[in-house]
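Hello,

Here is the structure I said I would pass on. Please look through it first; my notes follow below.

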Amino acid sequence: MSDLDRTVAVVPPQASVARTATPDDALPKDSHRMSQPTDPKPERPEPAPAAEPVVPPAADGAPADGATTDDALTDGTPAGGSPAAADDAPVAAAEAVRSTVPAQGHRSGAPDREAARALFVRLSELPEGSAERVEIRNQLVRMHIPLVEHLARRFRNRGEPLDDLTQVATIGLIKSVDRFDHERGVEFSTYATPTIVGEIKRHFRDKGWAVRVPRRLQELRLSLTTATSELSQRHGRSPTVHELAEHLGISEEDVLEGLESANAYSTLSLDVPDSDDESPAVADTLGATDEALEGVEYRESLKPLLAQLPPREQKILVLRFFRNMTQSQIAAEVGISQMHVSRLLARTLAQLREKLLVEE
């Protein structure tokens, strides 16, 4: 083996391949890094396809998320966008903010207080009759509909449909929105609740009565109801008319008038079943055929005929048919025989019967 072969055998395999010299080898160690253009933004690692977020479309003239100004220039669009796109940006931002305001509040049904306060501030700044003011006013009403429904349910089962109470309460809500002053520092629900409840009570006062009665009697009925409750708790029994009059400082006649007016608050239809659908109607249970109704005509016809009889025959008829006395008792009472009483009764009854038939 020659010396050259021994040298090749001793050198390791990775060292056997000679590195090709390049022109950069003649440059300093960091000269290659300095020759590359500096990237103003570090490169982002490419996200995995499964976790790639959905990016909304960008406005006209604005680069998409993750794109640089160079990308926009590459597409041929200026980095600042067109002047029209710049003008539309505030409008789009305002629409985005408005879309974030909930129309019905949170999931729990309560309106967003911060959003409502912002809308009231904006409402106070707008002039009367503007389209935006009307829209904000309607939005505030829709936001507080859950409050209306909650207050209306407190008065259900009092003779008025729940839908009617909800409509009345909504009228109170609209009045509250128009009158509310946000500068006083109170919550709108605190201000609107008494107004809505008052509107419902006014509905019961004006529309709840089946028969229209004067307002004085309506207020007297409410006073009597309150006084009755207080005196019942105090004495452990129902109060008397005198106690109610003394407690309210009115006369007993006024108390009786107020108690009678309470019957006009509600009425009962005669065609409604008494207890359930299978029971008879109220009209079927009221009144009955009077069996003595036919005798009314005969009694009225007999009155002038009885007046024409002699006093002794009149007395015998009274003792026999009104006092249920026997002929022997009548004979002892009148002072004649029983046979004579029998003959007088038969003759008198025959005369009355004949005159009745003649008059008919």
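**Notes on the aromatic rings and the chain**

Phe180 has a relative accessibility of 13%, so Phe180 counts as buried, the cut-off being under 20%. Bear in mind that this is a predicted model.

The ring of Phe180 is paired with that of Tyr191; the pair is tilted, with 5.7 Å from centre to centre and 50° between the planes. Phe180 sits in the loop between helix H8 (162–179) and H9, while Tyr191 belongs to helix H9, so the pair ties together parts 11 residues apart in sequence. Tyr191 has a relative accessible area of 28% and is partly exposed.

The structure has five aromatic pairs. Another one of them joins Phe120 and Phe188, and is also tilted: the centres are 5.0 Å apart and the planes make an angle of 40°. Here the partners come from helix H5 (residues 113–125), which holds Phe120, and helix H9 (residues 188–207), which holds Phe188, so the pair ties together parts 68 residues apart in sequence. Phe120 and Phe188 are both buried. One aromatic cluster is made up of Phe120, Phe180, Phe188 and Tyr191.

Elsewhere, Arg320 lies over the face of Phe321, 5.8 Å from the ring centre.

As for the whole chain, it has 17 helices and zero strands. Of its 360 residues, 22% count as buried. The accessible surface is about 26600 Å², and carbon and sulfur atoms make up 54% of that. Among contacts with a separation of 6 or more, 50% are between residues 24 or more positions apart.

Regards

Methods:
Residues are numbered from 1 along each chain as its sequence is written. This is a predicted model: local features need pLDDT of at least 70, side-chain atom pairs count only at pLDDT 80 or more; totals for chains, interfaces and linings use all residues. Side-chain values use heavy atoms; hydrogens and water are left out. Helices (H or I, at least four residues) and strands (E, at least two) are DSSP runs, numbered from the N terminus. Buried means under 20% relative accessible area, exposed over 50%, partly exposed in between (1.4 Å probe, protein chains only). Contact means heavy atoms within 4.5 Å. Accessible areas come from the Shrake-Rupley method with a 1.4 Å probe; for residues, only the protein chains shown count as cover. Rings of Phe, Tyr and Trp (its six-membered ring) pair if their centres lie within 6.5 Å; planes under 30 degrees apart count as stacked, over 60 as edge-to-face and the rest as tilted. A charge sits over a ring if NZ of Lys or CZ of Arg is within 6 Å of the ring centre and within 35 degrees of the ring normal.
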